[in-house]
Amino acid sequence: MDLILHVWRQAGPGEAGRMERYEAKDLSSHMSFLEMLDVVNERLTEDGLEPITFDHDCREGICGTCGMMINGVAHGPQAGTTACQLHLRHFKDGEEVWIEPWRSTAFPVLKDLMVDRSAFDRVIQSGGYVSVNTGSAPDANEIPVPKLNAELAFEAAACIGCGACVAQCPNGAAQLFTSAKISHLGLLPQGQPERYERARNMVAQMEAEAFGSCTNHRECEAVCPKEISIDYIARMNRDFLKARLVQRGAASA
């Protein structure tokens with residue numbers, strides 16, 4: 001099969017970007033989207049041209065590295081799928097495909113399709129961990145965890161930090177990512193001592209990173225490759241409000 005690609009090219013963070021057209025010919029429908037880009041890059045290199053820069057690592061839908069906008073949709077047209085798991089069989093022969101980097105001021109473009117997502121790292125550093133010394137790993141089932149809490153924590157922990165939620169949101173909001181990272185710890189016994197402080201600190205850092213505000217468009221939920229629910233945003237908001245009330249109570253005491 002053949003595809004006509006329109007790819008965002010940008011030499012560096014301070015450079016002007018542009019769309020460039022490429023004809024990708026003789027492709028297999030069994031190729032993943034990233035394998036297709038590999039083939040295009042091999043041909044560009046053979047022609048003495050600069051290959052397309054894009055982020056990738058595990059190519060198994062686990063690391064969250066391979067984010068890009070494909071025809072205006074984060075990770076492309078297949079729901080619950082990362083770009084590395086998307087295959088060409090979901091496109092038509094001769095189709096025009098537009099490929100762009102994540103659209104967010106908080107994720108500045110480094111080069112072509114690669115963006116700087118270190119803002120997510122700083123949100124995690126502000127509280128996405130358990131700092132209490134819990135000793136060695138406990139025996140299985142030693143600490144009782146309600147089944148519902150365990151399931152919800154597992155679902156939240158599935159977040160791979162790819163940034164699709166931010167890129168697709170009209171406001172560039174990071175609430176789905178932040179709430180997932182807050183919730184998967186806050187739902188477990190080990191995360192309870194710092195539960196409200198964690199919510200307060202991570203939300204404050206999220207705002208400091210210039211992410212937008214959530215206005216319930218639910219675009220984040222629609223494109224999340226792990227299909228994480230916006231219910232976690234509500235949970236985060238409750239914990240954050242309780243943290244503010246506790247803080248005010250301590251200040252007035």
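**Figure 1. Helix α3 and its buried residues.** In helix α3, which spans residues 147-157, the buried residues are Leu152, Ala153 and Ala156. When the helix is viewed down its axis, these buried residues fall within an arc of 100°, so they line one face of α3. Lys147 and Phe154, by contrast, are exposed on the other side of α3. This view, like those that follow, is drawn from a predicted model.

**Figure 2. The protein chain as a whole.** The predicted model shows a protein chain with 8 helices and 7 strands. Taken along the principal axes, the C-alpha atoms of the chain fill a box of roughly 70 × 40 × 35 Å. The chain has 253 residues, of which 45% count as buried. Among the contacts between residues at least 6 apart in sequence, 70% join residues that are at least 24 apart.

Figure 3. In soluble globular proteins, nonpolar side chains tend to be buried together.

Figure 4. When residues up to four places away in sequence are not counted, valine 166 touches Arg103, Ser104, Phe107, Phe120, Gly172, Ala173, Ala174 and Phe211. Phenylalanine 211 lies in the loop between α6 and α7, and it is buried, with a relative accessible area of 8%. With its neighbours within four places in sequence left aside, phenylalanine 211 is in contact with Ala106, Phe107, Ala119, Phe120, Val166, Gly172, Ala174 and Met206. For a sense of scale, the C-alpha atom of phenylalanine 211 is separated by 40 Å from that of aspartate 139, and these two residues are 72 residues apart along the chain.

**Figure 5. Helix α2 and what covers it.** The buried residues of α2 are Ser118, Ala119, Phe120 and Val123. Among the elements that cover these buried residues are α4, α5 and α6.

**Figure 6. The largest pocket.** About 210 Å³ of space lies in the largest pocket. The pocket is lined by 13 residues, and the closest to its centre are Arg117, Phe120, Asp121, Ile160 and Gly161. The elements that give two or more residues to the lining are α2 and α5. The largest share of the lining, 4 residues, comes from α2.

**Figure 7. Arginine 117 and its surroundings.** Arginine 117, one of the residues closest to the centre of the largest pocket, is found in the loop between β7 (114-115) and α2 (118-125). With a relative accessible area of 14%, arginine 117 counts as buried, because it falls under 20%. Its side chain reaches the backbone oxygen of threonine 65 at 2.7 Å, while the backbone oxygen of cysteine 162 lies 2.6 Å from a polar atom of the side chain of arginine 117. When its neighbours within four places in sequence are left aside, arginine 117 is in contact with Asp55, Gly64, Thr65, Gly67, Trp102, Phe107, Gly161 and Cys162.

**Figure 8. Two loop residues with positive phi.** Most residues other than glycine have a negative phi. Histidine 75, although it is not a glycine, has a positive phi of about 70°. Histidine 75 has its place in the loop between β4 (73-74) and β5 (96-100), and it is buried, with a relative accessible area of 1%. Asparagine 216, also a residue other than glycine, has a positive phi near 60°. The place of asparagine 216 is in the loop between α6 and α7, and at 56% relative accessibility this residue counts as exposed, because it is over 50%.

Note on methods:
Residues numbered from 1 in each chain as written. Predicted model: local features only at pLDDT ≥ 70, side-chain atom pairs only at ≥ 80, totals over all residues. Heavy atoms only, no water. Buried < 20%, exposed > 50% of the residue type's maximum accessible area, 1.4 Å probe, protein only. Polar contact = N/O pair within 3.5 Å; in protein donor to acceptor, adjacent residues only side chain to side chain. Contact = heavy atoms within 4.5 Å. Arc of directions from axis to C-beta. 1 Å grid on protein atoms, 1.4 Å probe; cavity = no way out; pocket = protein on both sides within 12 Å on 5 of 7 lines; lining within 4 Å. Points joined across faces, edges and corners; volume = space filled by probe spheres on them.
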